[in-house]
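Trainee: I have a structure to go through. Can we take the sheet, then the charged pairs, then the core?

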Amino acid sequence: MPNQNRRSFLKAAALIGAGVAGISSKSVKAASSEKKEQKSMGVLVDTTVCIGCRSCEWACKDAHNLKTDSIDTYSDRGVFKNKRRPDEKGLTVVNEYYNPGNPLLPTDVKAQCMHCDHPACVSACIVGAFTKQENGAVTWDDSKCIGCRYCMVACPFQVPAFEYSKALEPKIMKCDFCFERTIKGELPACVEICPTETLTYGKKEELINIARDRIKRHPNRYVNHILGEYEVGGTSWMYLAGQDFTKLDFPILGNDPAPGVTESIQHGIFAYFIPPIALYALLGGVMWLNKNKDKSEDKI
């Protein structure tokens, strides 16, 4: 098995080296991207109907075998006193915001991985631990991860979390779009449990049409913006709201895919200077092999 691991890594390193040497893959990437977008699924989040029940939080933990209390405890709105982010203990969270249209009825917003169409985490990962699946999900493979945490730095939404509390085999934790459920035709756990239909799951193109129709029919209810339709090249999770998204803690982002920024810098610096890239890949390989060696010794 160790020899197979080495062969697998050297094969991946060779492909990286070929890319650095100047072999163009733009046409392949374009075809692959077009194919994935045709099958891409998504979720439309209508924040105007969310009641903050946090059932989605419980369902997510239950579906991913994360420690959780009974669903009855999630009716406690005391957690809304402080803004929360998804972390290693909870892959999605709901926060409460002031509603200028009706101060007695706050705006509740669910947050999780946005599953970008052009994920910065996938681009930043040097060992291919992240994958953009055909159905839109961005998944993570712990058998490949070397713990560099570049995905955390690269993510424009600051979503991936690291299990700092675990000394042995810590993981990168984030929403995986319930990939194991959706590939079997099931709904994401959070969508299935939502009692107010705040979350709508379907083909991304159809969700955009639904969102545009809602804005057209109720212009006084929604701001004329579908967050995630164009931001950072588009995301699988999209939002409707009754107020400016910056008031709901969404970052101000352009429409260019996030990986383009880091890739353009890397290509400009290393276009004619291969050694740093080779060293980078080699160091990553050493870390990856050592990790698998430790796993093998633990099993003995």
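Trainee: Which residue in S9 does Val-43 stand opposite?

Mentor: Keep in mind that this is a predicted model. Strand S1 (residues 41-46) and S9 run parallel, joined by four bridges. Across that pairing, the residue opposite Val-43 is Trp-237.

Trainee: Which way do the side chains of S9 point, and are they buried or exposed?

Mentor: S9 covers residues 237-240. Trp-237 and Tyr-239 point one way, Met-238 and Leu-240 the other way. As for accessibility, all are buried.

Trainee: What is the bridge partner of Gly-42 in S8?

Mentor: S1 also pairs with S8, in the antiparallel sense and over five bridges. In S8, the partner of Gly-42 is Gly-202.

Trainee: In what order do the three strands of the open sheet lie?

Mentor: The pairing in this sheet is mixed. S8 (199-203) and S9 are the edge strands, each pairing on one side only. From one strand to the next, the twist averages 25°. The order is S8-S1-S9.

Trainee: Now the charges. How many salt bridges does a search of the whole structure find?

Mentor: Side chains of opposite charge can pair when their charged atoms come close. The cut-off here is a Lys or Arg side-chain nitrogen within 4 Å of a carboxyl oxygen of Asp or Glu. The search of the whole structure finds eleven.

Trainee: How many residues apart in sequence are the parts tied together by Arg-214 and Asp-46?

Mentor: The closest N and O atoms of this salt bridge are 3.0 Å apart. Arg-214 lies in helix H8 (residues 204-217) and Asp-46 in strand S1, so the pair ties together parts whose separation in sequence is 168 residues.

Trainee: Where does Arg-84 lie?

Mentor: Glu-57 forms a salt bridge with Arg-84, with the closest N and O atoms 2.7 Å apart. Glu-57 lies in helix H3 (residues 55-63), and the pair ties together parts that are 27 residues apart in sequence. Arg-84 is in the loop between H3 and strand S2 (93-97).

Trainee: Which residues are linked with Arg-54 in a network of salt bridges?

Mentor: Glu-57 counts as buried, at 3% relative accessibility. Arg-84 is partly exposed, with a relative accessible area of 21%. Arg-54 is linked in the network with Glu-57 and Arg-84.

Trainee: What is the N to O distance in the salt bridge of Arg-212 and Glu-229?

Mentor: Arg-212 is in helix H8, and Glu-229 is in the loop between H8 and S9, 17 residues apart. Arg-212 is partly exposed at 41% relative accessible area, while Glu-229 is buried at 12%. Their N to O distance is 2.3 Å.

Trainee: Last topic. Which residues have the most contacts inside the largest nonpolar core?

Mentor: In soluble globular proteins, nonpolar side chains tend to be buried together. The largest nonpolar core here has 35 residues.

Note on methods. Residues numbered from 1 in each chain as written. Predicted model: local features only at pLDDT ≥ 70, side-chain atom pairs only at ≥ 80, totals over all residues. Heavy atoms only, no water. Buried < 20%, exposed > 50% of the residue type's maximum accessible area, 1.4 Å probe, protein only. Helix = DSSP H or I, 4+ residues; strand = E, 2+ residues; numbered from the N terminus. Pairing = 2+ DSSP bridges. Axes fitted to C-alpha atoms, helices over the stretch in contact; angles between N-to-C directions. Core = buried A, V, L, I, M, F, W, Y, C linked by side-chain atoms within 4.5 Å.
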